[in-house]
Amino acid sequence: MTSSKIIIDSALRAAAHVRSSKLPKEVSKMASAMLSSAPSGGKHTLPDLPYGYNAMEPVISAETMTIHHTKHHNTYVANINASLEKLDAAVSAGDVSGIVGLEGALKFNGGGHINHTLFWENLCSKDDSELKDGPLKDAIQKDFG
């Protein structure tokens, strides 16, 4: 780790604990770079599913999939975008308490968006899945038939 990295990290940690409403410009630039995670297009978007909403039936209904994707996951996307806009404004204004205050919303909504994206990518219909021979298949067949 270089000494300049240590100084900047220390400055960010210190800035998060001060009561001042203004950040030094170099800390503000670093905070902006470290805290902003919007994709290159500027906004996070709800990913398209690689299958239809009815692909998991009868295990998961099309209605459940539709609500979970278009309402629940989409809420995380909308909220992470709103939080990042607030973060940009707080960093630009040097509002340390505003930056710190957004931490929970950024973690919760960013994490929800990432977790749901991974969830969709790991689902597949029964026709597209195959449990290969091996210890996992043997244990499932032994315990569940």
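Q: Contact here means heavy atoms within 4.5 Å. Among contacts between residues at least 6 apart in sequence, what percentage join residues at least 24 apart?

A: For the protein chain, 65% of those contacts do. The model is predicted, so local features need pLDDT of at least 70 and side-chain atom pairs count only at pLDDT 80 or more, while totals for chains, interfaces and linings use all residues. Residues are numbered from 1 along each chain as its sequence is written, and side-chain values use heavy atoms, with hydrogens and water left out.

Q: How many helices and strands are there?

A: Six helices and zero strands. Both are DSSP runs numbered from the N terminus: helices are H or I with at least four residues, strands are E with at least two. Along the sequence the pattern reads α-α-α-α-α-α.

Q: What percentage of the chain is buried?

A: Of 145 residues, 28% count as buried. Buried means under 20% relative accessible area, exposed over 50%, and partly exposed in between, with a 1.4 Å probe and protein chains only.

Q: Switching to packing. At what angle do α3 and α5 pack?

A: α3 (residues 62-93) and α5 (residues 103-122) pack at about 145 degrees, axes 8 Å apart. Axes are lines fitted to C-alpha atoms, for helices over the stretch in contact, and angles run from 0 to 180 degrees between N-to-C directions.

Q: Is that crossing left-handed or right-handed?

A: Left-handed. That is, the near helix is turned anticlockwise from the far one by less than a right angle; clockwise would be right-handed.

Q: Which residues meet there?

A: From α3, they include His 69, Tyr 76, Ile 80 and Leu 87; from α5, they include Leu 106, Phe 108, His 116 and Trp 120. By class the contact has 11 nonpolar, 12 polar and no charged residues. Ala, Val, Leu, Ile, Met, Phe, Trp, Tyr, Cys and Pro count as nonpolar, Asp, Glu, Lys and Arg as charged, and the others, Gly among them, as polar.

Q: Why does His 69 count as buried?

A: Because its relative accessibility is 5%. His 69 sits in α3. Not counting residues up to four places away in sequence, His 69 touches Leu 46, Pro 47, Leu 49, Tyr 53, Asn 74 and Trp 120.

Q: Which residues make up the largest nonpolar core?

A: Eight of them: Ile 80, Leu 84, Leu 87, Ala 90, Val 91, Ile 99, Leu 102 and Leu 106. The largest share, five residues, comes from α3. A nonpolar core is a set of buried Ala, Val, Leu, Ile, Met, Phe, Trp, Tyr and Cys residues joined through side-chain atoms within 4.5 Å. Another core, of six residues, lies apart from that one, and Leu 49, Tyr 51, Met 56 and Met 65 are among its members.

Q: Where is Leu 123?

A: In the loop between α5 and α6 (135-144). Beyond neighbours within four places in sequence, Leu 123 contacts Tyr 51, Met 56 and Met 65. Leu 123 and Pro 50 are 73 residues apart in sequence and 9.5 Å apart C-alpha to C-alpha.

Q: What about Ser 125, which residues is it in contact with?

A: Ala 55 and Met 56, leaving aside neighbours within four places in sequence. Ser 125 is also in the loop between α5 and α6. Ser 125 counts as buried because its relative accessibility is 11%.

Q: Last one. How many residues of α6 are buried?

A: One of 10, so α6 lies largely in the open. Gly 145 follows α6, with a positive phi near 85 degrees.
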